[in-house]
Amino acid sequence: MEAVTVVLMVVGAVVGGVVGFAVALLLQRRLAEREVDTARLGATAILSEAEAKGREIVVAAKDEAFEVRGVAERDATRKRRELDDEEERLAGRREKLDRRFDELDNRAQNLDDRERRMDGERDRLKEVEGQLVVELERIAGMSRDEARGVLLDEVARNTRVDAARIIREIEAEAREAGEQRAREIVVTCIQRCATDVVSDVVATTVPLPSDEMKGRIIGRQGRNIRAFEQVTGVDVIVDDTPEAVLLSCFDPVRREVARLSLTTLIEDGRIHPARIEQVVRKAQDEVDRVIREAGRQAAFDAGVHGLNKELLRLLGRLKYRTSYGQNVLSHSVETARLAAMLAEEVGGQVEVARAAGLLHDLGKAVSHEVEGPHAIIGAELAQRHGVPQAVVDAVAAHHHEAECDSLEAVLVETADAISGSRPGARRESLELYLKRIKALENIANGFDGVQESYAIQAGREIRILVRPEDIDDLAAAQLSRSVARRVEESLEYPGQIKVTVIREMRAVEFAR
C-alpha cells in the first residue's frame, strides 16, 4: 500500500511537472506574440512618421525651388533692365558720335576749300614774284643766279678772315680759361676735402706682458701655436723681439681676427686648443660686426644711400686694407667726396660720381680671392648687387680696364688720382717710386727684339715697342706674357701692372 502511494505520488509529481512546463511554454509563447505585435505596431508608427517627414521635406523642397525660381526671375528682370539702360546709353553716345563725325566732315570740307583758295593765292604770288624778279634782273643787268653768286662771294671774302680771327681768339681764351678753371676746381676740391691719413703695415705686432708668455703661446710641443695658426690661417712669428710676437697674413681681415684673438688669450691667460677655437669664433663675430658698421659709416660719411647689405659688408672689409700706408676705406670716402665736388663744379651727375667714387676700389676687398684687375672685379660686384649701370661703368673705367665713355668716369679717375697723390696721402718716397719705374723698364728692355719701353700711368702700365722684323704677332703675345711673369717674380708693387706690346710695321719709299 505504501509502495502504491509512493508510486502515485511520483506519478503525480511527474504529471504536475509536465503540466507546469506546458503552462510555462504557453505563457512564454503568448509573451512572444505580444512582443511581436508591439514591434509590429512600433514599425508601423515609424513608417508612418517617416512618410510624414518625407512629405514635409518634399513640400519644403518645392517651396525652396519656388523661392529660388522667384529670385532668379527677379535677377533676370533686373539684368534685363540694366541691359536696356545700357543699350539706351550706347544709343545716345552713338548719336553724339554721329553728330561729331558730321561736324568733322564739315570742318574737313571747309579746310579743303580754304586749302584750294590758298593754292590759288600761292600761284598768284608766285606769278607776281616771277614778274618782280624779271623786272629786277632787267634793272640790275644780271640774272638772279649771277647776283646770288656775286653776293655770296663778297660775303665769303668778308667773313672768312673775321671768322678765322674770331676762332683763334675763342680757342686761345677757351684754352687759357679752361686751364685756369681746371686748376681752380682741383685746388678747391683738395682744400675742401681735408681728411686724416691712416697708415698701417702688412704685418701686425702684438705686445706681450713678458717673454714668458711666448712659451705659453707656443705650448707643449708647439700644440697651441699650431692650433692657433690652423684656426686663424695666420702665421705667428715668435723671434728674439722682446715682449712681442708678429702676425703675418696676406688677408688683413684674418690678420685682425688673429690679433683680437691673441690679445684676448694673453689677457685671459688660459691658452689651449679648445680655448683658442672659442676665442677665435668670438673674434670673428666681433670683426664681422666692426666690418658691417664700418661699411655703413663709410656710406653715411660719403653720402651714398640705398646700397645692398652685402656691398656694405665688402666695403667695410676695406677698413683693414692699406695701399702704401693709405687706408683704402678712408681713400674711398675721400674719393667719393672729391668726385662729387668735381661733378658739382663741371655740371656732372653728382650722385653717380659720388657712388662710383665710394665703390671704385670695391674689388680690392676680394682681389686676393678672385683673379683679375680690381676695377673689373669691383664693377662686377656692384652690377651683381643692383648698382646703376652708370656707376658700374665708372668703377670699371677708373684704371682704363674698360672704355671711359662718360664724364663721371673721368671725374672718378681724377678724384682717385687726387686722393692718392696729394701730399701726405701715401708713404712711398720719390726715390723708391723712380727705382720701381726704372726696374720695370729694365725688365722689359732685357728681352730680345725690344726696341723701346715706357712705364706710364704711375707705373700701372708698361708699353713695349718691338722690332717687327725680329718679332711676329705670335711672338708679341708670348713676349707680353713673359714680361708680366718676370715682373711678378722680380718686383713688389700695389695693384696690377698692364703689359702692352706694340708691333708696328712701316714701309717707306721715295718717289724720284
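Tutor: Start with the geometry: axes are lines fitted to C-alpha atoms, for helices over the stretch in contact, and angles run from 0 to 180 degrees between N-to-C directions. This is a predicted model, in which local features need pLDDT of at least 70, side-chain atom pairs count only at pLDDT 80 or more, and totals for chains, interfaces and linings use all residues. Residues are numbered from 1 along each chain as its sequence is written, and side-chain values use heavy atoms, without hydrogens and water.

Student: What makes α6 and α8 roughly parallel or roughly antiparallel?

Tutor: α6 and helix α8 (residues 328-346) pack at an angle of about 20 degrees. The classes are: under 35 degrees roughly parallel, over 145 roughly antiparallel, 65 to 115 roughly perpendicular, the rest oblique. The pair α6 and α8 is therefore roughly parallel. The two axes lie 9 Å apart.

Student: Which residues meet between α6 and α8?

Tutor: From α6 come Ala294, Ala298, Asp301 and Ala302. From α8 come Leu329, Val333, Ala336 and Arg337. Contact means heavy atoms within 4.5 Å.

Student: Is the crossing of α6 and α8 left-handed or right-handed?

Tutor: Right-handed. That label applies when the near helix is turned clockwise from the far one by less than a right angle, and left-handed when anticlockwise.

Student: Which class does the pair α4 and α6 fall in, roughly parallel or roughly antiparallel?

Tutor: The angle between α4 and α6 is about 30 degrees, with axes 9 Å apart. The two helices are therefore roughly parallel. The crossing of α4 and α6 is right-handed. In α4, Arg223, Asn224, Ala227, Phe228, Val231 and Thr232 meet Pro273, Ile276, Glu277 and Val280 of α6.

Student: Which residues of α4 are buried?

Tutor: Helix α4 spans residues 223-232, and its buried residues are Asn224, Ile225, Ala227, Phe228 and Thr232. Buried means under 20% relative accessible area, exposed over 50%, and partly exposed in between (1.4 Å probe, protein chains only).

Student: How do you know on which side of α4 those residues sit?

Tutor: They cover an arc of only 160 degrees around the axis, which puts them on the same side of α4. The arc is that of the directions from the helix axis to the C-beta atoms. What covers them includes α3 (212-218), β2 (235-237), β3 (244-248), α5 (252-268) and α6 (273-302).

Student: Why is alanine 227 called buried?

Tutor: Its relative accessibility is 13%, so alanine 227 counts as buried. Alanine 227 touches Pro273 and Ile276, leaving out residues up to four places away in sequence. Proline 273 is 46 residues from alanine 227 along the sequence, with 5.7 Å between their C-alpha atoms.

Student: What makes glutamate 461 buried or exposed?

Tutor: Glutamate 461 has 5% relative accessibility, so it is buried. This residue is in strand β7 (residues 461-466). Helices (H or I, at least four residues) and strands (E, at least two) are DSSP runs, numbered from the N terminus.

Student: Which side chain does glutamate 461 join in a polar contact?

Tutor: That of threonine 500, at 3.0 Å. A polar contact is a pair of N or O atoms within 3.5 Å; within protein, one must be able to donate a hydrogen and the other to accept it, and residues adjacent in sequence count only if both atoms are side-chain atoms. Beyond four places in sequence, glutamate 461 is in contact with Tyr454, Ala455, Ile456, Ile497, Lys498 and Thr500.

Student: What is phi of glutamine 221, and of glutamate 243?

Tutor: Phi of glutamine 221 is near 55 degrees, a positive value in a residue other than glycine. Glutamate 243 also has a positive phi near 55 degrees. Most residues other than glycine have a negative phi.

Student: Where is alanine 147, and is it buried or partly exposed?

Tutor: Alanine 147 is in helix α2 (residues 144-192). Its relative accessible area is 33%, so alanine 147 is partly exposed.
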